[in-house]
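Hi,

Here is the structure I said I would pass on to you. Have a look at it first, and then read my notes below.

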Amino acid sequence: MNALRYPLLRGLAKLCSDSCSEDLESLAREAEELESLASKLPQPRLEPGGGAPLASRVSNLDELLSVAGEVTGSMELARYLVARRIYLDLRAHAPRPKGARCSVCGSTPRLITLSRVNQGIFDGYTPTARCACGMEWRVDEWECPSCGSRGRGFFNIYIVQPGVLEVRECRSCGYRLVVTSVRPRQVEVLLVTMLLGG
Ligand SMILES: [Zn+2]
Ligand SMILES: [Zn+2]
């Protein structure tokens with residue numbers, strides 16, 4: 001497994017069954033191809049207004065979904081592809097992120113990255129949600145994106161790779177998140193979303 005190219009893949013392999021972990025790298029390569037397909041979709045057309053998420057203001061959403069469905073043969077991948085295209089084309093128009101939902105595609109994130117920041121004599125961490133579409137925004141790392149429960153005590157924590165990757169599961173609603181100190185590649189964000197969301 002190419003740990004330099006895909007820093008999260010080894011940890012993610014532990015989240016799925018043996019057969020899945022063997023396939024994960026080829027799945028990652030297929031996901032890279034999806035990335036090039038996103039640019040082949042029709043251009044999303046944005047209606048004026050300020051509503052969130054951005055995708056709700058795209059007037060040709062049905063057309064985009066139908067083309068993406070033909071290209072991928074899967075509704076799940078089609079939705080991803082369309083969200084990705086909208087992010088790539090229109091992210092400059094996205095409303096200011098507020099709360100847990102993505103202001104581009106409306107999804108709840110499955111991945112939070114903790115990046116180290118220097119705060120004087122203490123080192124701290126900035127938790128950033130990373131949506132499958134590509135959008136990133138600051139979040140409260142101990143707030144469940146799904147039900148809003150807040151606090152460390154609300155989460156079961158499974159250390160997958162110490163210091164690199166852990167899975168947190170909300171005790172109230174069962175929502176699962178990957179929290180990582182590594183900056184993931186786009187395809188890894190997609191794989192996390194598929195592994196935890198399915
Ligand atoms: Zn999104
Ligand atoms: Zn929850």
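**Hairpins, sheet and domains**

Let's start with a turn: β5 and β6 form a hairpin with 5 residues between them, and G174 in that turn has a positive phi of about 85 degrees. Before you go further, keep in mind that this is a predicted model. If you want one pair to look for, E166 has V179 in β6 as its bridge partner.

There is a hairpin between β4 and β5 too, with 3 residues between the strands. Its turn holds G163, which has a positive phi of about 80 degrees. β4 and β5 (residues 165-170) run antiparallel and are joined by 6 bridges. Here you can find Y158 opposite V167 in β5.

Now zoom out to the sheet. In what order do the 6 strands of the open sheet come? They go β3-β2-β1-β6-β5-β4, and the pairing is mixed. The edges are taken by β3 (136-138) and β4 (155-161), and each has a single partner strand, so one side of each is left without a neighbour in the sheet. From one strand to the next, the twist averages 30 degrees.

Further along the sheet, β1 (residues 111-119) pairs with β2 (residues 122-130) in the antiparallel sense, over 8 bridges. One bridge to spot there is Q119 with F122 in β2. Helix α5 (residues 186-197) packs on the sheet and touches β1, β2 and β6 (176-180). The direction of α5 makes about 150 degrees with that of β6.

What about the chain as a whole? The domain assignment gives domain 1 (9-93) and domain 2 (111-197). Taken over C-alpha atoms, their centres are 21 Å apart. The contact takes 19 residues from domain 1 and 16 residues from domain 2. On the domain 1 side, the elements giving two or more residues are α1 (9-13), α2 (18-38) and α4 (75-90). Which of them gives the largest share? That is α4, with 6 residues. By class, this side of domain 1 has 12 nonpolar, 1 polar and 6 charged residues.

Several residues of α4 are buried, among them Y80, L81, V82 and Y87.

Happy browsing!

Definitions and conventions: Residues are numbered from 1 along each chain as its sequence is written. Chains are lettered from A and ligands numbered from 1 in the order in which they are written. This is a predicted model: local features need pLDDT of at least 70, side-chain atom pairs count only at pLDDT 80 or more; totals for chains, interfaces and linings use all residues. Two strands pair if DSSP finds at least two bridges between them. Helices (H or I, at least four residues) and strands (E, at least two) are DSSP runs, numbered from the N terminus. Axes are lines fitted to C-alpha atoms, for helices over the stretch in contact, and angles run from 0 to 180 degrees between N-to-C directions. Two residues are in contact if their C-beta atoms, placed from the backbone, lie within 7 Å. Domain bounds come from an automatic or database domain assignment. Ala, Val, Leu, Ile, Met, Phe, Trp, Tyr, Cys and Pro count as nonpolar, Asp, Glu, Lys and Arg as charged, and the others, Gly among them, as polar. A residue is buried if 20 or more other C-beta atoms lie within 10 Å of its own, exposed if 12 or fewer, and partly exposed in between; C-beta atoms are placed from the backbone.
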